[in-house]
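Trainee: Hi! Could you walk me through this one? I'd like to start with the ligand and then look at some strands.

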Amino acid sequence: MATHDVAVVGGGCVGCSVAKSLAEQTSLDIAVLEKEYHLAEHQSGRNSGVLHPGFNYEPGSLKARFSTEGTRRMKEYARANDIPLDECGVVVVAQSDEEEARLETLEAQADENGVATELVRGQDRIQQYEPHAAGQAALYCPEAASIDAQKYVYTLASDAEDLGVDFYLGYTVEQLHRRRGGYRIETDKGHIEANYVVNAAGLHADAIAHDIGVGEEYQVVPFRGEYYELTPERRHLCESMIYPTPDPSLPFLGVHYTRRTDGKVIVGPNAVLAFGREAYRNTNVDLGELAETLGYEGFWKLLASPKMLRVAWNELHKSYRKAAFVDAARQLVPTARDGDFRRSYAGIRAQVVRDDGQLVKDPVFERGPDSLHILNAVSPGLTSSLPFGDRLADEVLDALEGAET
Ligand SMILES: Cc1cc2nc3c(=O)[nH]c(=O)nc-3n(C[C@H](O)[C@H](O)[C@H](O)COP(=O)(O)OP(=O)(O)OC[C@H]3O[C@@H](n4cnc5c(N)ncnc54)[C@H](O)[C@@H]3O)c2cc1C
């Protein structure tokens, strides 16, 4: 039986970042427990890999602060560690007067957040940035970038390991048993003791928190995001990233184009209810987890909103009918044709819904006895992971100091 000062559950970008930050600041004995044999197997390795510089988050909010700081720090970290990075910028396109007005709001927000943008009007100006994008105006943000997310997580982990952090790969945490001043952590390979637990288990973080009576008013409702990609000969249709104007009342962005660091252009993701927390295909069903979602009152309260119901229906349509997905994609790039798109990978968001049906937009940290639980580390969780890791490490250190005094 091993004993550690701090055990971090989850080897995604959040778990690895908090472990690295703790190891940099202290001589505590730290362990990361990850159920897969590889790191970044779930959200952290199945995302768009975009560094969101923060123009679309409310000034003063945690998301705005973390994404702006996170983008700059991750670029420096990537350059210092040879992590593939493409500083290509993003073009956010408006198709109507209403969307153009929203871009003006975004431009003002970007200014407040200290993020440089340029608002251009007319098709000719848009095409100076993206020759195949269509719209009546666009907000160009040069700070957006694309990063190799898996390589990033492995680099974080390797830095943490060099600082003495132990990684237990292939260890599934099954239960936490409270003991005096910490936990006995039951895993599928025996137990480990820790004085403090950081729960960064992504899609399963709510289950671990609920196990010890924390965050019971929240539940993860898994939303799958599916991608298509452009065929190699049509990748020139997007040189950087082409986004639609976001709808502030919705948590997910519509289908968009992203040029990845490996040169592929991915298109998506949509946002469709997943029939299981790791149900990456639209034919995968985990009956137990589906029943959990369908039995959750918060889920039905969320769907009670006519707008959400309409969005859910449209997204479902995009999942099962390629033509519906392509139609959405062609609004941004009209010269794209059905044959230009082929199915690519999917990711699943650990989206938290509250008992009252509210779809939570900000990250939630819940403090439990000798434990910290990160629920709802949704987008831009990858972008924010360095400042987020520092913030969580500070929380852990404060709690441990408090326990000593
Ligand atoms: C489709 C999609 C697109 C996205 N695009 C972007 C983007 O472009 N930019 C951006 O900034 N953010 C993006 N995000 C958000 C970002 O990916 C997440 O915010 C971030 O990866 C969350 O990291 P995490 O470490 O909390 O979770 P995860 O990466 O899911 O890590 C949790 C880890 O915990 C492990 N685990 C779970 N249960 C247990 C257990 N019982 N025992 C041991 N281990 C366990 C899992 O195996 C997993 O490795 C996107 C997300 C998705 C799904």
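Predicted model: local features only at pLDDT ≥ 70, side-chain atom pairs only at ≥ 80, totals over all residues.

Trainee: Okay, how many residues surround the ligand, and which are the closest?

Mentor: There are 37 residues around the ligand, and the closest are Glu-34, Ser-44, Val-50, Ala-377 and Thr-383.

Trainee: What does Thr-383 do with its side chain there?

Mentor: An N or O atom in the side chain of Thr-383 sits 2.7 Å from an oxygen atom of the ligand. The backbone takes part too: an N or O backbone atom of Pro-380 is 3.4 Å from a ligand oxygen, and one of Ser-48 is 3.3 Å from a ligand nitrogen.

Trainee: And how much of the ligand does the protein cover?

Mentor: On its own the ligand has 1000 Å² of accessible area, and the protein covers 97% of that. Helix H1 (13–25), strand E2 (30–34) and strand E18 (341–354) are the elements that each give two or more residues to the shell.

Trainee: New topic: cysteines. How many disulfides are there?

Mentor: The count is zero.

Trainee: What about Cys-141, how far is its sulfur from the closest one?

Mentor: That distance is 11 Å, to the sulfur of Cys-88, so again it is too far for a bond. Cys-141 is buried as well, at 0% relative accessibility.

Trainee: Let's move to strand E20. Is it enclosed or left open by the rest of the structure?

Mentor: Strand E20 covers residues 371–375, and five of the five are buried, so the strand is largely enclosed by the rest of the structure.

Trainee: Which way do the residues of E20 point?

Mentor: Ser-371, His-373 and Leu-375 point one way, while Leu-372 and Ile-374 point the other way.

Trainee: Which strands pair with E20, parallel or antiparallel?

Mentor: Strand E12 (residues 190–199) pairs with E20 in the parallel sense over three bridges, and Val-197 has Ser-371 as its bridge partner. Strand E19 (residues 364–368) pairs with E20 in the antiparallel sense over five bridges, with Val-364 partnered by Leu-375.

Trainee: What happens between E19 and E20?

Mentor: They form a hairpin with two residues between the strands, and Asp-370 there takes a positive phi near 45 degrees.

Trainee: You mentioned Val-50 by the ligand. What is its bridge partner in E8?

Mentor: Val-50 has Ser-146 as its partner in E8. Strands E3 and E8 (residues 145–147) run antiparallel and are joined by two bridges. They belong to an open, antiparallel sheet of three strands in the order E3-E8-E4. Strand E3 (50–51) and strand E4 (85–86) are at the edges with a single partner strand each, so one side of each has no neighbour in the sheet.

Trainee: Last one: where is Leu-294?

Mentor: Leu-294 is in helix H7 (residues 287–294), and it is partly exposed, at 37% relative accessible area. Its C-alpha atom is 39 Å from that of Asp-97, which is 197 residues away along the chain.

How values were computed. Residues numbered from 1 in each chain as written. Heavy atoms only, no water. Near = heavy atom within 4 Å. Polar contact = N/O pair within 3.5 Å; in protein donor to acceptor, adjacent residues only side chain to side chain. Areas by Shrake-Rupley, 256 points an atom, 1.4 Å probe, with all protein chains shown as cover. Helix = DSSP H or I, 4+ residues; strand = E, 2+ residues; numbered from the N terminus. Disulfide = S-S within 2.5 Å. Buried < 20%, exposed > 50% of the residue type's maximum accessible area, 1.4 Å probe, protein only. Pairing = 2+ DSSP bridges.
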